[in-house]
Amino acid sequence: MKNNGYRVKQYDEPVKRYCQTLSLKDNPELISAYRKAHSKEQAWPEIREGIRSVGILEMEIYIEGNKLFMIVETPLDFNWDEAMKKLSTLPRQAEWEDYVAGFQQCVKGTTSDEKWQMMERMFYLYD
């Protein structure tokens, strides 16, 4: 699939995009378990609902080896800091973050916003 590209959702409004990165522990068994934890069958519904409830329209995570790359699409008026503060207080969010910390190169007890590192866009083709 990766050589065929991925379809991008169309919105009725302009959106903005945030890109972040995070490293997993370099252990194939843990990486496999992390992938399963994010599958539609095993992902916690409260986490998916919480992401949407703070105003995030779409979230994608890509993987290469133990490196993760996340794309978050939001409305133009989205406030990242406010949304992440609210997200961290939602039901089961802290429990989820502690659970996935076992797979990630991070300290247990940190929020999603503390773990994922925001990336800077250094090039784009469109005007």
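Figure 1. Glutamate 73 is buried, at a relative accessible area of 7%. Buried here means under 20% relative accessible area, exposed means over 50%, and partly exposed lies in between, with a 1.4 Å probe and protein chains only. This is a predicted model: local features need pLDDT of at least 70, side-chain atom pairs count only at pLDDT 80 or more, and totals for chains, interfaces and linings use all residues. Residues are numbered from 1 along each chain as its sequence is written, and side-chain values use heavy atoms, with hydrogens and water left out. The side chain of glutamate 73 meets that of arginine 17 in a salt bridge, 2.9 Å from N to O. A salt bridge is a side-chain nitrogen of Lys or Arg within 4 Å of a carboxyl oxygen of Asp or Glu. Arginine 17 belongs to strand S1 and glutamate 73 to strand S3, so-called distant parts of the chain, 56 residues apart. Strands (E, at least two residues) and helices (H or I, at least four) are DSSP runs, numbered from the N terminus.

**Figure 2. The open sheet of four strands.** The strand order is S2-S3-S1-S4, and the pairing is antiparallel. Two strands pair if DSSP finds at least two bridges between them. Strand S2 (58-64) and strand S4 (117-118) are the edge strands, each pairing on one side only. Nine bridges join S1 (residues 15-23) to S3 (residues 67-75). Along this pair, serine 23 stands opposite lysine 67, and lysine 16 stands opposite threonine 74. S3 is mostly covered, with seven of its nine residues buried.

**Figure 3. The hairpin of S2 and S3.** These two strands pair in the antiparallel sense over seven bridges. Isoleucine 61 has methionine 70 in S3 as its bridge partner. Two residues lie between the strands, and glycine 65 takes a positive phi near 65° in this hairpin.

**Figure 4. The largest nonpolar core.** This core has 24 residues, and Leu24, Tyr34 and Ile56 touch the most other members. A nonpolar core is a set of buried Ala, Val, Leu, Ile, Met, Phe, Trp, Tyr and Cys residues joined through side-chain atoms within 4.5 Å. Two or more residues come from each of S1, helix H1 (28-37), helix H2 (45-53), S3, helix H3 (80-87) and helix H4 (93-101). H3 gives the most, with four residues. Tyrosine 34 is in contact with Leu24, Leu68, Val100, Phe103, Gln104 and Trp116, leaving aside its neighbours within four places in sequence. Contact means heavy atoms within 4.5 Å.

Figure 5. Trp80, Ala83, Met84 and Leu87 are buried in H3. They cover an arc of only 95° around the axis, so they sit on the same side of the helix. The arc is that of the directions from the helix axis to the C-beta atoms. S1, H2, S3, H4, H5 and S4 are among the elements that cover the buried residues of H3. Asp81, Glu82 and Lys85 are exposed, on the face of H3 turned away from its buried side.

**Figure 6. A salt-bridge network around arginine 92.** Glu46, Arg92 and Glu95 are linked in a network of salt bridges. The closest N and O atoms of arginine 92 and glutamate 46 are 3.4 Å apart. Arginine 92 lies in the loop between H3 and H4, and glutamate 46 lies in helix H2, so the pair ties together parts that are 46 residues apart in sequence. Arginine 92 is partly exposed, at 33% relative accessibility. Glutamate 46 is also partly exposed, with a relative accessible area of 30%.

Figure 7. The side chains of lysine 115 and glutamate 97 meet 2.8 Å apart, N to O. Lysine 115 is in helix H5 (residues 112-115) and glutamate 97 is in helix H4, 18 residues apart. Lysine 115 counts as buried at 6% relative accessibility. Glutamate 97 counts as buried at 7%. The salt bridges come to four by the rule used here.

**Figure 8. Cysteines without a disulfide.** The count of disulfides is zero. A disulfide is counted when a pair of cysteine sulfur atoms lies within 2.5 Å. Cysteine 19 is partly exposed, with a relative accessible area of 21%. Cysteine 106 is partly exposed at 26% relative accessibility.
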